Structures are given as structure tokens and as C-alpha cells.
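Have a look at it first.

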Amino acid sequence: MDAIVKTLTRKTDEDRRPTVSEAEEAVRTLLRFIGDDPEREGLLDTPARVVKAYGELFSGYEASVEDVLGRTFEEVAGYDDIVLVRDIPFFSHCEHHMVPIIGKAHVGYLPDGRVLGLSKIARTVEVFARRLQTQESITAQIAHAIDAHLKPKGVAVLIEADHMCMAMRGVQKLGASTLTSTFTGAFKTEPREQARFMSMVRGFNYPA
Ligand SMILES: Nc1nc2c(ncn2[C@@H]2O[C@H](COP(=O)(O)OP(=O)(O)OP(=O)(O)O)[C@@H](O)[C@H]2O)c(=O)[nH]1
Ligand SMILES: [Zn+2]
């Protein structure tokens, strides 16, 4: 019986995660595909470098938002107003063309007793950005992850980003930026809270 279950659940060859050397071979194939020679001196170490770089650029697949958002704290002297971390820079890659999305995330929430370490907000952005993405998905994933783990009165996420697939190729519109937002709780139901979030993102530029 065990053997049958094992056979049925055994991953097929296609499901298996490729090895490092298989990934490097795929890079060599792409190098040949674009018309270059993977055997020339300058490209000899490139497949290994690309695979290593991919480990960093797509580290979000290994990262867990549960680990990042697992620790919250309460001792904030009764503070219960908006907490906003704005201008969080990120690099992602679009899932359609695998080229960069370069953007900034503004993430706010209205605490309900508990708060997050501020760095954990930026780390949450990293977890989702370092995967193949659409801008809409990153925006929604950040908002819903914070909502689920912290259970605040509301979460607001605004993302502004430039898509290199629209700048370097295709329609070639360098400088066109895309804005996406997700609001939960009070930010969704109360226009005043949403407006306050937007004015904090845009408005308060304290003199240096
Ligand atoms: N909604 C959304 N679309 C995206 C995002 N990133 C890239 N795209 C779009 O995905 C679409 C893919 O369209 P296709 O027609 O299948 O691909 P394509 O022929 O390469 O399209 P062009 O970019 O218009 O040349 C394009 O319109 C891209 O601009 C994103 O984050 N969100
Ligand atoms: Zn794209």
C-alpha cells in the first residue's frame, strides 16, 4: 500500500527542482539563443554568476512572511494612530517578461493595540517583491499579509512603479509609472482615513 501511495505521489521529472548545473546549462542555452558564444572567455563564468544572482533576485520564494510578521508588540504608550512607512524602494520582476519592475511602496496601518517593528514592513515588501510578480499582486499580498498577521483596524498600501517591459521593449514608454493601491478595514470603509493616508504619503515633507 505504502509503495502505491509513494508511486502516486512521487514527483514527476518535470516537477523536480532543477539542479544548479542544470540551471547553468539553461543560461548557456539562452546565451547561444541570443547569438553569443558561452565558451568565449568573458562568458565562461556568466552562467554561474547568473544562477547566483537569481538566488538573490528571487529570494522571496524561500522567504516566509510568517517569520517576518510573527513578532508584534504592544508597548507604545497607547499610540493608536496611523503608522506609515513610505518610500520603501524595491526591485521586482514582472511575471510576463522576467524583466525588472522598479518601484516604491508606501505601507500604512491603523493599529488595534499591537504594532509591528518598522523594519518588518520593509521586509514584507521584500518577501513579495523578490518573486515573479504583477504590481497588482505585490500590492494586494503586502496588504493582506499585514492584515492577517497583525489584525489592525486597517491597512493601506500604495505602490508606484516603473516596468522595464514597458520602457526597454514593447511599447517603449520610459517614465510611464503605474500606481496601485489596496485598502482594508477602516481605510476601505472610511474615506477620511484613506484621504489621511494619501495626504501623509504625499503631503508631509518635513523640512530637513
Ligand atoms: N496588469 C499588469 N500588467 C503587466 C504588469 N507587468 C507587465 N504587464 C503587462 O502584461 C502584458 C502582457 O501582454 P501580452 O500581449 O501577453 O505580451 P506582449 O506581446 O509582450 O505585450 P507588449 O508588452 O504590449 O508588447 C503587457 O501589456 C504588459 O504591459 C503588471 O504588473 N500588471
Ligand atoms: Zn512585463
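What follows covers a metal site, one threonine and some aromatic rings.

This is a predicted model, so keep in mind that local features need pLDDT of at least 70, side-chain atom pairs count only at pLDDT 80 or more, and totals for chains, interfaces and linings use all residues. Residues are numbered from 1 along each chain as its sequence is written, and side-chain values use heavy atoms, with hydrogens and water left out.

Start with the metal. Cys94 (SG), His97 (ND1) and Cys165 (SG) coordinate the zinc ion (ligand 2) at 2.1 to 2.4 Å; donors are N, O and S atoms within 2.8 Å of the metal (3.2 Å for Na, K and Ca), and sites may look incomplete with no water among the atoms. Cys94 sits in strand E2 and Cys165 in helix H7, 71 residues apart (DSSP runs: helices, H or I, of at least four residues; strands, E, of at least two). Both cysteines, Cys94 and Cys165, are buried, meaning under 20% relative accessible area, with exposed over 50% and partly exposed in between (1.4 Å probe, protein chains only).

Next, Thr180 in strand E7. Thr180 is buried too, at 12% relative accessible area, and touches Gln135 and Val157, among others (heavy atoms within 4.5 Å).

Now the rings, which pair if their centres lie within 6.5 Å; planes under 30 degrees apart are stacked, over 60 edge-to-face, the rest tilted. The structure holds 3 aromatic pairs, including these:

| Pair | Centre to centre | Angle between planes |
|---|---|---|
| Phe183 and Phe197 | 6.0 Å | 85 degrees |
| Phe187 and Phe197 | 5.9 Å | 65 degrees |

Together, Phe183, Phe187 and Phe197 form a cluster.

How values were computed:
Chains lettered and ligands numbered in written order. Lists of a residue's contacts leave out its neighbours within four places in sequence.
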